[in-house]
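The report below begins with a single residue and then turns to the chain that holds it.

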Amino acid sequence: MCVALPGKVIEINDRTATVDFSGNQVKADTGLVSVKEGDYVLVHAGCIMQVMRKEEAEELEELFREVEENA
Amino acid sequence: MNLETIKKYLKEYDGEEVALMEVCGSHTGAISKFGIPTLLSKKIRLISGPGCPVCVTPSAYIDRLIELCKEPDTCVATFGDLMRVPGSEKNLSLAKGEGGNVRMVYSPMELLTLAKENPTTNYIFAAVGFETTTPVYALLLESLIRENIKNVKLLTALKTMPAAINWLCASGAPITGFIAPGHVSVITGSDIFKPLADKYGIPFAVAGFQGEEILEALYGLVKCQGSGKVMNFYPKVVTAEGNTVAQKKVATYFEESSAVWRGMGAIEGSGLLLRKEYAEFDAGSADLNEDKKLNKACRCDQVLMGKISPTECPLFRKVCNPMNPQGACMVSEEGSCHQYLVNNRR
């Protein structure tokens with residue numbers, strides 16, 4: 001039930017953003033996180049839960065280093 | 001880390017047996033979809049936990065929704081997942097067929113428009129969910145108050161993960177590591193699992209929902225057996241502290257409570273109820289605790305606790321199947337039994 005999908009914010013109108021999912025566009029509430037046009041976001045049940053971050057690769061690399069040290 | 005290295009390690013692993021529980025129903029679905037069990041050594045066992053909010057909703061809650069949908073000028077709005085969950089006698093889908101006013105929605109926020117367009121209808125939202133979904137209900141309440149909308153209430157069956165995981169560990173469930181729920185963690189942050197990891201000395205790995213992401217988390221869990229380490233393998237949307245705006249909004253409207261989990265009973269501190277000051281938005285959520293089995297031989301409770309595999313239930317694939325579910329684990333597409341059956345998992 002906690003399904004959430006990533007999409008791109010293409011327009012913001014007051015508290016509602018239009019989010020594009022590969023061509024399908026849906027309205028999503030922006031009350032839980034600050035977003036701007038062009039952000040990639042995670043949407044659940046009609047609300048934006050989080051803006052997707054770009055530091056991912058470096059953080060994963062660091063985590064794998066820790067895991068190897070632990071083993 | 002190279003994916004092939006991870007796959008090779010997980011397939012050839014020959015150390016102590018490990019039993020890893022995914023507590024999120026979406027992970028259960030993804031594990032089946034990507035055929036993850038076929039990529040693992042026999043020494044690595046996956047257990048599906050109680051992480052589908054629909055599956056753990058007690059029958060008394062469904063019965064109350066069914067009563068409400070038949071009251072005059074009342075409409076029960078719900079996510080589609082809940083429609084076929086059995087109450088003590090029937091489900092919401094059957095109640096709708098009998099003339100009950102039940103409406104499926106994609107988002108609770110749709111009620112703002114519906115309530116304004118139909119001011120003489122009382123809308124009851126079946127507010128089920130974990131930490132992922134509760135902030136959406138907080139946003140709905142915020143909007144109802146701001147726009148002075150009086151004809152929407154919530155019937156809540158909200159659950160939170162940490163107390164339930166603690167209960168599982170304390171009950172002696174045979175688990176040596178947890179795949180922590182990815183989208184719950186978006187809201188709560190990965191640090192929420194630290195006290196549990198420390199207390200029981202077992203690792204937690206927050207995972208995304210793609211095959212590669214789940215394999216990475218499994219690799220981390222197997223490598224870190226016996227350590228109380230919390231690892232975040234889903235950093236593109238999960239941080240250590242989570243979405244603090246959402247956490248504050250939830251704390252404004254809801255407070256911790258005991259909650260009944262289908263098949264598991266009441267677990268202290270594992271639920272949320274509306275705060276007293278917002279009681280006018282509550283459709284009578286407290287005390288919906290009774291949990292009646294449709295079929296006495298149903299073993300959903302032990303499946304949810306990871307004590308047996310779905311295939312070990314005597315009803316599985318016989319009288320209990322997706323067309324005729326006897327227990328909640330077979331109803332929801334995210335339920336363990338449903339996933340085992342449709343994907344022919346062993």
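T74(B) has a relative accessibility of 6% and therefore counts as buried, a class that covers values under 20% relative accessible area, with over 50% termed exposed and the range in between partly exposed (1.4 Å probe, protein chains only). This is a predicted model, in which local features need pLDDT of at least 70 and side-chain atom pairs count only at pLDDT 80 or more, while totals for chains, interfaces and linings use all residues. Residues are numbered from 1 along each chain as its sequence is written, chains are lettered from A and ligands numbered from 1 in the order in which they are written, and side-chain values use heavy atoms, with hydrogens and water left out.

T74(B) belongs to strand 3 of chain B, which comprises residues 74-78; helices (H or I, at least four residues) and strands (E, at least two) are DSSP runs numbered from the N terminus. Leaving aside residues up to four places away in sequence, T74(B) touches L68(B), C69(B), N101(B), T121(B), N122(B) and I124(B), where contact means heavy atoms within 4.5 Å.

Chain B as a whole contains 14 helices and 11 strands. Its radius of gyration, taken over C-alpha atoms, is 20 Å, close to the 20 Å that the globule rule (2.2 Å times the number of residues to the power 0.38) gives for 346 residues, so chain B is as compact as a globular protein of that length.

| Property of chain B | Value |
|---|---|
| Span of the C-alpha trace along its principal axes | about 65 × 45 × 30 Å |
| Share of the 346 residues that count as buried | 62% |
| Share of contacts with a separation of 6 or more that join residues 24 or more positions apart | 76% |
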